[in-house]
Amino acid sequence: LMAIITPNKFALLIENTVRNKKVTHWEAVLMYCKDNDIDPTGMGKMINKSLKEKLEVNAMDLRLLKERMGRLPL
């Protein structure tokens, strides 16, 4: 039985994985899902605001997500 984990604890786990394994936030989330036999499509409720923002930046860097409107081009 998997221990109950809060979105904030999940974000910390992901941050540690990113730092220690030198992977993207996306890769860290997918690794967590694989290691814990969890369907990634059900992870939305575990993603807090700060992790969501990092995932969006990763996705934009990988050109998986269009940049949001209203952002000034840099």
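Helices (H or I, at least four residues) are DSSP runs, numbered from the N terminus. Asn58 is found in one of them, helix α3. This is a predicted model, in which local features need pLDDT of at least 70, side-chain atom pairs count only at pLDDT 80 or more, and totals for chains, interfaces and linings use all residues. Residues are numbered from 1 along each chain as its sequence is written, and side-chain values use heavy atoms, with hydrogens and water left out.

**Asn58**
- Asn58 counts as buried because its relative accessibility is 13%, where buried means under 20% relative accessible area, exposed over 50% and partly exposed in between (1.4 Å probe, protein chains only).
- Not counting residues up to four places away in sequence, Asn58 touches Thr24, His25 and Trp26; contact means heavy atoms within 4.5 Å.

**Aromatic pair**
- The structure holds 1 aromatic pair; rings of Phe, Tyr and Trp (its six-membered ring) pair if their centres lie within 6.5 Å, and planes under 30 degrees apart count as stacked, over 60 as edge-to-face and the rest as tilted.
- Phe10 and Tyr32 form this edge-to-face pair, at 5.0 Å centre to centre with 75 degrees between the planes.
- Phe10 lies in helix α1 (residues 7-21) and Tyr32 in helix α2 (residues 25-35), so the pair ties together parts 22 residues apart in sequence.
- Both Phe10 and Tyr32 are buried.

**Nonpolar core**
- The largest nonpolar core has 14 residues, of which Phe10, Ile14, Val29, Tyr32, Met43 and Leu51 touch the most other members; such a core is a set of buried Ala, Val, Leu, Ile, Met, Phe, Trp, Tyr and Cys residues joined through side-chain atoms within 4.5 Å.
- Helices α1, α2 and α3 each give two or more residues to this core.
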